[in-house]
Amino acid sequence: MILLSIPDLIGRFHPILVHLPIGILLLGCLFQLLTINPKFYVLRPAVPLIYLLGGLGAVFSSVSGYLLSQSGDYDSNMVGIHQWLGISVSVISLIVYTMYKMQARESLLNLVAIVLIVLITITGHYGGSLTHGSDYISSALKDEVKGKAAIPPIANVQQAMAYTHMIQPLLQNRCYNCHGSEKQKGKLRLDGKDFILKGGEDGKTLVPGSAEESELIKRLLLPASNEDHMPPKEKPQLTAEEIELLQWWVKQGADFNKKVQDMKQSEKEKVLLLSFQTGAVKKENKLADIPEKEIAKADAAAIEKLKQAGVVVIPVLSTSNYLSASFVTAKASADVLKLLEPLKKQLIWLNLANTALDDKGMQAVAKLDNLIRINLSRTAVTDKGLALINGTSHLQYVNLVGTKVTVAGVEQLKALKELNSIYLYQTGITKDDEIKLKKVFAKVNLDFGGYVVPTLEKDTTEVKPPVAK
Amino acid sequence: MTRDELNAHRLVKEAQETELRAFTRRHFLKESAMGLGAVAMGALLGSCGLGGKSNNDILYDPVHPLLPKAPPFLGKAKSVIYLHMAGAPSQLELFDYKPELMKMDGQDCPQSLLAGKKFAFITGVPKMLGPQAKFAQHGQSRAWVSENLPHFSTMVDDVSFLKAVSTDQFNHAPAQLLIHTGSPRLGRPSMGSWATYGLGTENQNLPGFVVLTSGGSFPDAGKSIWGSGFLPSVYQGVQCRSEGDPVLFIKDPHGMSRDLRKASIDAINASNEQEYAAYNDPEILSRISQYEMAYRMQISAPEVMNINDEPEYIHEMYGTQPGKSCFANNVLLARKLVEKGVRYVQLFDWGWDAHGDGPNNSLNIGLKNKCRSIDKPITALLLDLKQRGLLEETLVVWGGEFGRTPMMENRNGVQNPYNGRDHHTDAFTIWMAGGGIKKGFTHGETDEIGYSSISGKVDAFDIQATILNQLGFDHEKFTYPFQGRPFRLTDVAGKVIHDVIA
């Protein structure tokens, strides 16, 4: 690391220093224009002093700005305009000071004040564009959300161009701001093949074929606290998938003209690439444990009644209004089950295991149409009772272990599209039925249990130490 | 000015000066610097959304300290069963297959491995020791498991292995404390205490945090390894037994009727309530609730904790030994407890310290026998939880407190009589299953002799962060105020191991 030289250091103060002359000079112009009204004439003696201070501040800002521009991190075109505007502001403010001393005509002074205001505004705008990017203000008007996917979803990833459709948009949304046409921090540009291959002041940024040696990847992988981590920690970061995508692209030779399908992919990378496809896998994972839809708070009195009956009713997480209910220390009598109905919108997890719940009681359970998980293991529920919940369309988890349900009963659940797992250990389901059910529920994890851990000879014997000779 | 007025004036002045004298320079510095700083800091934090009460503040209700609470985030696991093999099993004879180490068997250990390292017993230059078991790949995930665990090797597609766990403690007690309390020294709450403090427990007739030990000895770290530290004492682990009375002295003594017992507990509670009225110490309320829980437990615990009412095929599956105290019985009991809503079940099995200083502490005899005693039960536990639909919401963790060296132990420079390995902190294996953990996955890798981790290195804090994450907590936000600052289980470290989360 090279220590900053003094001019460099002064240069870095430019973005702070500039605000001083801007404020002072605007105040001077304001006072000058106010004195048009005789009421404010008392301000007049202050005006030349303000202009002098502002002018000197502007000169110093110009010098520091010039030093900053020498770092080369900025778009030279824009720097040029900003520089000359800044210089003219300093010169004009000093001229207007001399005009005061030479007692120039009042109307002329007013005119110069207006010119100065306009000049300061334009100069300031260019300065702002240099630090924050020229789309800083306009982007706030556009409907752009921070953290939005850097790569727009692609209809068919394998058909897409690896660079043009994936890497380029990623770089554009995450890197161009500082490494693009306007700013070139570290003398690095990433907006185009030639620039990327050329690298920056620290040398090559990309080593095609080796993600480990590529500075581009290394910087992304550094811990966010590291000074060299990219993007800087206050800027939007790349997701793990986006970094993996870049790694894959570099590893496969960082080709700028190939289609994704023409580049080598391992099984894992295929899955990774698929995640950038429109409506991809993510949705499948999203079959969440709790509904995304917000729901109103449940009636506190209704919850209290259930608690009195020994039912454990708590939110599924402390910030959610969705509830779970467990009968682990409660009796599932008709009276208690009735108390569940007021919570039918909020109740999503229900544990009735080891209770005396029967088919009649299931009528109350069937009214809870937002249920996602239900545990009916070792209850008296049969096929008849099970049929009652075949309209509980969000069910993902159904535990029927140790009940008398049969294959006919379970088949009634096939209308439930979101089912993920059904547990059927110790039910009236035979080996033949299992095959049948597996066909009906091709995508559901069916667990029939009955696992055996055979007893091996070694399980009951011990290794003996050799007998000493 | 009259005399009286003068006296009054003097008195006032004196009082003022006395008052001022009470403010020392320290006060001034504290009030001005700290005070202003604190005001500014508070305002700053407030504007960042960090100040004030967050949803993560777990309120501790001294009257019902164990009532179930919702986690701040969606948890995948409702309960945890932690199987700790006290003494530290050898990863090189169980999961971490190192054929290269075989080639070095019997050779002197290269100096590069010894430089700057500290060992518990190894001195001088030890010999390298090849794997003392045959390995094979198993399941679709092609995970390596040795012949020492023939049953468990059929389960590899249900678990996630962490192959590069490391620690900084090479003695049993501190290393065990580090894994379970987040500090190698005494005094911090154990993970089970944190879990019950944060989530309470579903079944108010049973303790929320149960500890079961086997192997003939307590873990080296003693009972403080399931202690509640600075958390309210009601959250400490309750040690139970799988044979005889589940909790010692749970039965009413001879001549004590149920009514008399109730009357005496009521009397004790009444006097405790007076005490509370006088001192307002919330621990007194906890004590009252514990008496009541103990009374309820007298009825429910013997029933739940009796593994004898399980059917024969379940006993066969777990390989239990009726009438004895053993690991298999404890594992079966753990499953029963989780089924009844117990939050955290901690098992310790002692006897894995295979130094090679005696037959029972050797890799070829003692370790093999220890493996035989756990192989069937841990396999049965996973399968049984699975077939009951409970593995989805029960996190099972298996591991020791550190690993063992690729070198053969030479205690005080002299070769041990049996094949054994010394304590090793840089790389060992822990596995997790269920509770939202990936199936059939391996995270982390060690070098070709299993000496250091080369990728996916994790430590005790990472494991704690992951366990808390699966229970629905952010380990950095889950704190308890003590001695003027918020404490967390993971202290100032820990990163959730996202790679093993499904």
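User: What must a DSSP run contain to count as a helix, and what to count as a strand?
Analyst: Both kinds of element are DSSP runs, numbered from the N terminus. A helix is a run of H or I with at least four residues, and a strand is a run of E with at least two.

User: In which loop of chain B is B:Q483 found, and is B:Q483 buried or exposed?
Analyst: The model is predicted. In it, B:Q483 sits in the loop between β18 (479-482) and β19 (485-488) of chain B.

User: What is phi of B:Q483?
Analyst: B:Q483 is a residue other than glycine, yet its phi is positive. The value is near 50°.

User: Where in chain B is B:N280, and what is its phi?
Analyst: B:N280 lies in the loop between α7 and α8 of chain B. With 9 other C-beta atoms within 10 Å, B:N280 is exposed. B:N280 is not a glycine, but its phi is positive, at about 60°.

User: How do the axes of α7(B) and α8(B) run, parallel or antiparallel?
Analyst: Helix α7 covers residues 258-279 of chain B and helix α8 covers residues 282-304. Their axes come within 9 Å and cross at roughly 170°. Angles over 145 degrees count as roughly antiparallel. Therefore α7(B) and α8(B) are roughly antiparallel.

User: Which residues of α8(B) make the contact with α7(B), and how many residues of the contact are nonpolar?
Analyst: From α7(B) the contact takes several residues, including B:I265, B:I268, B:Y276 and B:Y279. From α8(B) it takes B:I284, B:L285, B:R287, B:I288, B:Y291 and B:Y295. By class, the contact has two polar and four charged residues, and its nonpolar residues number nine.

User: Which domains does the assignment give for chain B, and how far apart are their C-alpha centres?
Analyst: The domain assignment gives domain 1 as 79-246 + 317-500 and domain 2 as 247-304. Eleven residues of domain 1 of chain B are in contact with 14 residues of domain 2 of chain B. The side of domain 1 that touches domain 2 has six nonpolar, two polar and three charged residues. The C-alpha centres of the two domains are separated by 35 Å.

User: What span should α10(B) have, and how far apart are its end C-alpha atoms?
Analyst: The expected span is 1.5 Å times one less than the number of residues. For the 13 residues of α10(B) that gives 18 Å. Its end C-alpha atoms agree with this, as they lie apart by 18 Å.

User: Which residue follows α10(B), and what is its phi?
Analyst: The residue that follows α10(B) is B:G341. Its phi is positive, near 95°.

User: Which residues of α6(A) are buried?
Analyst: Helix α6 of chain A has 27 residues, 106-132, which should span 39 Å, and its end C-alpha atoms are 39 Å apart. What covers its buried residues includes α3 (19-34) and α5 (76-101) of chain A. The buried residues of α6(A) are A:A113, A:L116, A:I120, A:T123, A:G127 and A:L130.

User: Which residues of chain A does a cis peptide bond join?
Analyst: The proline of this pair, A:P231, is in the loop between α10 (215-221) and α11 (240-251) of chain A. Omega of the bond is about -15°. The bond joins A:M230 and A:P231.

User: Which element gives the most residues to the side of chain A that touches chain B?
Analyst: The contact takes 31 residues from chain A and 33 residues from chain B. The chain A residues divide into 16 nonpolar, ten polar and five charged. With three residues, the element that gives the most is β1(A).

Key:
Residues numbered from 1 in each chain as written. Chains lettered and ligands numbered in written order. Predicted model: local features only at pLDDT ≥ 70, side-chain atom pairs only at ≥ 80, totals over all residues. Domains from an automatic or database assignment. Contact = placed C-beta atoms within 7 Å. Nonpolar A, V, L, I, M, F, W, Y, C, P; charged D, E, K, R; others polar. Axes fitted to C-alpha atoms, helices over the stretch in contact; angles between N-to-C directions. Parallel < 35°, antiparallel > 145°, perpendicular 65-115°, else oblique. Buried ≥ 20, exposed ≤ 12 C-beta atoms within 10 Å, placed from the backbone.
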